[in-house]
Amino acid sequence: MDDYYRSQLFKNGGRTAAEQRRTRADLTSKLRKEKRNDQLMKRRQVMDQDENEPKQEGDVNYTNVALEIKQVLDASSDMTEILAAVQSCRKALSREQSPPIDDVINAGLLPLLVKFLAYDHQPSLQFEACWALTNVASGTNKHTQAVVECGAVPYFIKLISSQHMNVCEQAVWALGNVAGDGATYRDFVIKSGIIRPLVALVTPDRKMEFLRNISWTMSNLCRNKEPPPTMETVTALLPSICSILQCNDKSCLSDACWAISYVTDGSNDRIQKVINTGIISKLVELLGSSEVVVVTPALRAIGNIVTGNDEQTQVVINSGALKCFDKLLWHKKNNIQKEAAWTISNITAGTKTQIQAVIDAGLLPYIIDALGRGDFRTQKEAAWAVTNLTTGGTPEQIMQLVEMKVLPPLSNMLTVKDPSTLTVALDGIFNILTAANKISEDVCNKVAILLEECTGVDMIEKLQEHENEKIYAKSAEIIEQFYKGDDEIEGTDLAPTISNGQFMFNAPSGGQGHIAF
């Protein structure tokens, strides 16, 4: 999300909940481009070392190996020799380190491998050829392109319906690698007819190892958003993805949750498609999983859903999701803490009732703790959660933040270098002071003293010299509006004391007693 768009959340004037909520946009693209050990766009099948096969010592010239294989395949009509040659090719491509993909392509082996995919009377040869092509497609975009341009995809699609399960599974794997290359080849695979035979494979008796390949391939068919897969594709895949979510295998659950997260990372009509499946309660259940590879995509999916409209956000709240977020905000993984804070920030960007749901779930102390102790990415999202609440909440709701001592960690965010984070923190402070002033001038003065005592005012005064015009203007506005008569405040008896862990303020003469925060 660029800074300009996010800054729109805090412009004066009418602001809708939709404007408050933040979709991922550029931030998501960057996150998805990061290497994830638990979720790869492409997978290569590595060969287990055969105990009866001697290990090759020293450097092997795979250029010559590939050319020798090509000569055998060109010259021989003996199926035993052909199978052995294709196996040699597959084994070379299954090396754990530096598989010779370019050597195999340059030797002209791909057209021959594709030809063998049509040998229905030789399923072993089909399997070996399909495995070899799978590993070629696991390489770079150029390698995947070579597989596609040799006409392999229609054969892969046909082999999904093979009666030989090893051939069928290998074809699914190959198509998953092609689809994982990007939106162009994903759409090519879809248009080639993968959907119908693929969803037919999702049956209760399917072996778990095979189901893992199916769920991973489905996730790749949902991946990428420029452009996203068509609504027709999403509609066709969702029932099978939801079925996979009912199993107990962590790999299947992870890939199915990633698929849901990709679908929900878009327009509200796509979010609604997912909601209509009735799967939200299952996603909420998975937020409590002990497996990070499951929690991460389940949380991403829930987070994407609450970027939708108020009604869609309410579905998540009604499913009991908020009760999971105390543990998520204190999770051992920083990335999960960050995603949890981001999700809450989009709920606090909702209605006053939704803000109250966050408060009633007891999450304010966890958000404030994340604001003070989390890593910087988590702190940024927690700052958004706080500031969104101060923008859309009632004065009474906002004062609960003050009661829970939000001002010190929020003021500490004024020391960061990131201009967008500075702006968010300043807006939050401004909104808190404004809400206090709506209650009464006395309450506003008391909150102003609290801010001064945690050195927040000193930091704001320094920010009046900031090079960023928005930061300078907001800092000056706070000082001008709430600290113009600072000398008058210092002489009063309004300074807070602490009683039973709460800030207590002496009321001015003739006042009505104490106000506790």
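**Notebook: helices and a core**

I started with a pair: α28 and α29 are roughly antiparallel to each other, a label for angles over 145 degrees. I am reading a predicted model, where local features need pLDDT of at least 70, side-chain atom pairs count only at pLDDT 80 or more, and totals for chains, interfaces and linings use all residues. Residues are numbered from 1 along each chain as its sequence is written, and side-chain values use heavy atoms, with hydrogens and water left out.

I looked up the crossing next. The axes (lines fitted to C-alpha atoms over the stretch in contact, with angles from 0 to 180 degrees between N-to-C directions) of α28 and helix α29 (residues 441-453) come within 5 Å and cross at roughly 150 degrees. Contact means heavy atoms within 4.5 Å; on the α28 side I found I429, I432 and L433 among the residues making it, and on the α29 side V443, C444 and V447 among them.

Then I turned to the core. A nonpolar core is a set of buried Ala, Val, Leu, Ile, Met, Phe, Trp, Tyr and Cys residues joined through side-chain atoms within 4.5 Å, and buried means under 20% relative accessible area (1.4 Å probe, protein chains only). The largest one has 156 residues, and I194, L283 and I367 have the most contacts inside it. Helix α28 (residues 419-439) gives the largest share of this core, 10 residues.

Last, I checked a helix length.

Note on methods:
Buried < 20%, exposed > 50% of the residue type's maximum accessible area, 1.4 Å probe, protein only. Helix = DSSP H or I, 4+ residues; strand = E, 2+ residues; numbered from the N terminus. Parallel < 35°, antiparallel > 145°, perpendicular 65-115°, else oblique.
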